[in-house]
Amino acid sequence: MNEPTTGPDSRPLPPHKLFGQPKMAALLVLGFSSGLPLFLTSRTLQAWMTMSNVDLTTIGLFSLVALPYSLKFLWAPLVDRFIPPFLGRRRGWILIAQVLLILAIGAMGLHDPQRGLQLIAFNAVMIALFSATQDVVIDAYRTDVLADREMAGGVAIYVVGYRIALIVTGSLAFIMADRLSWPITYMFLAGLMLIGVVGNFLAPEPKLHDAPPKTMTEAVVLPLKEFFQRAGVGKGFAVLLFIVLYKLSDSLAQNMATPFLLMTGFSQTDIGAIAGGLGLGATIIGALSGGAIAGRIGINRSLWVFGGLQAVSNLMYYFLSIIGKSYPFLVTTMVVENFCTGLVTAGFLAFLMSMCSVRFSATQFALLSSLMAASRDIIIAPAGGIAEAVGWPTFFLITLVAGIPGLLLLPVFAPWNRDRPTIAATHTGETMSPEDALAAAKKMDDG
């Protein structure tokens with residue numbers, strides 16, 4: 001059994017011990033497994049259809065196949081309610097999703113975009129459905145298997161695995177398709193899912209202390225009831241508002257970053273190499289740094305520090321809009337901005353995990369993360385109109401100010417003088433064997 005990161009005196013582990021735990025290696029591989037299917041129903045599929053001379057209108061409509069990612073909270077209660085008869089409550093469901101993904105991704109290699117677009121659309125929806133389900137379970141696993149001070153570090157390791165998968169599907173897949181074919185490429189990518197399967201078999205199973213929901217009604221109703229009973233109505237809604245507002249500063253800037261850079265005079269190659277390549281590296285380093293820092297100072301202080309840095313980092317875009325086309329300053333801007341994005345990702349997702357009870361972590365995390373995604377996609381919609389009306393320098397100053405409302409909510413539930421949110425659920429980070437997990441779940445269910 002793994003020991004929690006903090007003992008009775010709440011002293012955190014040093015970074016080398018934090019990241020050196022077996023559960024962190026498992027999260028790295030599961031992050032890869034989670035990220036691998038994402039582009040297979042978007043970028044790579046769009047490229048395949050384009051090379052097969054499918055019209056642009058049809059290619060555009062294929063964006064709808066990703067709908068399961070936005071609706072995954074609808075079936076998340078199933079994951080909390082039912083326990084597979086193998087590997088345990090979380091890893092059993094992960095294995096089911098992974099096997100289905102292998103079959104669905106491999107099946108894509110049997111289609112021809114010129115002859116069977118309807119079958120390809122159905123297959124793509126299945127990939128998105130199984131991938132979204134895998135995300136639900138891996139998010140729950142990550143929440144259950146980590147103690148409070150491990151959470152940001154666990155998120156960082158997961159992000160590294162996820163980003164590696166995006167590089168594979170966003171770069172290697174295109175190179176393979178050029179030299180071989182898209183059907184063979186999809187078969188190869190289906191095989192890469194076996195990495196996640198092996199990692200899942202070797203991963204520790206979170207220890208289950210409380211009985212899972214006994215009915216689907218309980219699985220749907222109790223997660224909301226438990227959250228507001230633990231938080232209180234006032235603090236509960238403050239948390240939900242905070243989730244909507246905390247990353248608003250970063251989301252506004254990121255939404256308009258590409259148009260801004262192109263209109264400033266940078267080429268698409270510049271953006272791909274500097275904003276894409278260098279930015280990706282800075283994000284990974286930022287996430288790992290955020291995990292280590294949050295492990296030392298706690299979730300609360302990390303939200304304060306990282307949130308402030310996130311807003312202030314937008315000043316780099318402001319200065320770039322004043323200076324104009326400058327490659328040295330573009331590099332500096334991308335490094336600072338993406339590093340801070342990595343910091344915020346580690347701290348913020350750790351906060352979301354701390355808000356979830358282990359008993360209902362699949363449903364609660366799916367709901368909270370869906371709220372975060374909805375706010376990101378909806379609230380930032382007017383960003384282009386604002387930039388057009390006020391100009392780039394003023395727009396980026398507005399994005400800085402947009403970070404303040406979220407920070408003002410922190411004293412309500414995440415005061416600076418406490419390590420963890422006042423309404424956080426209990427997370428010990430304990431693990432057990434799959435056999436013990438199944439026996440414990442059966443005993444609780446019988447009781």
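Visitor: How many of the 28 residues of H16 are buried?

Guide: 20 of them are buried, so H16 is largely enclosed by the rest of the structure. Buried means under 20% relative accessible area, exposed means over 50%, and partly exposed is in between (1.4 Å probe, protein chains only). This is a predicted model, in which local features need pLDDT of at least 70 and side-chain atom pairs count only at pLDDT 80 or more, while totals for chains, interfaces and linings use all residues. Residues are numbered from 1 along each chain as its sequence is written, and side-chain values use heavy atoms, with hydrogens and water left out.

Visitor: What should H16 span, and how far apart are its end C-alpha atoms?

Guide: Helix H16 covers residues 327-354 and should span 40 Å; its end C-alpha atoms are 41 Å apart, which agrees. The expected span is 1.5 Å times one less than the number of residues. Helices (H or I, at least four residues) and strands (E, at least two) are DSSP runs, numbered from the N terminus.

Visitor: Switching to aromatics. How many pairs?

Guide: There are 21 aromatic pairs, counting rings of Phe, Tyr and Trp (its six-membered ring) with centres within 6.5 Å; planes under 30 degrees apart are stacked, over 60 edge-to-face and the rest tilted. One of them is Phe242 with Phe413, edge-to-face at 5.2 Å centre to centre and 70 degrees between the planes.

Visitor: Where do Phe242 and Phe413 lie?

Guide: Phe242 is in helix H12 (residues 233-245) and Phe413 in helix H21 (residues 410-413), so the pair ties together parts 171 residues apart in sequence. Both Phe242 and Phe413 are buried. Ring pairs also link these two with Tyr246, Phe348 and Phe351 in a cluster.

Visitor: Why is the pair of Trp392 and Phe396 stacked?

Guide: Their ring centres are 5.8 Å apart and the planes are at 20 degrees, so the pair counts as stacked. Trp392 and Phe396 both sit in helix H19 (residues 392-401), 4 residues apart, about one turn of the helix. Both are buried.

Visitor: Salt bridges next. How many does the count come to?

Guide: The count is 11, where a salt bridge is a side-chain nitrogen of Lys or Arg within 4 Å of a carboxyl oxygen of Asp or Glu. Arg89 and Asp80 form one at 3.5 Å, N to O. Arg89 is buried at 5% relative accessibility, and Asp80 is buried at 0%. A salt-bridge network links Asp80, Arg89, Arg90 and Asp144.

Visitor: What does Arg301 do?

Guide: Arg301 forms a salt bridge with Asp419, with the closest N and O atoms 2.8 Å apart. That pair links distant parts of the chain, 118 residues apart: Arg301 is in helix H14 (residues 268-313) and Asp419 in the loop between H21 and S2. Asp419 is partly exposed, at 28% relative accessible area. Arg301 also lies over the face of Trp416, 5.9 Å from the ring centre; the rule asks for NZ of Lys or CZ of Arg within 6 Å of the ring centre and within 35 degrees of the ring normal.

Visitor: And the surface: which residues form the nonpolar patch?

Guide: Leu78, Phe82, Met216, Val220 and Val221 form it, with about 390 Å² of accessible area together. Patches take residues with over 30% relative accessible area and no salt bridge, joining like charges within 9 Å and nonpolar side chains (Val, Leu, Ile, Met, Phe, Trp, Tyr) within 5 Å. Areas come from the Shrake-Rupley method with a 1.4 Å probe; for residues, only the protein chains shown count as cover. Helix H11 (residues 216-231) gives the most, with 3 residues.
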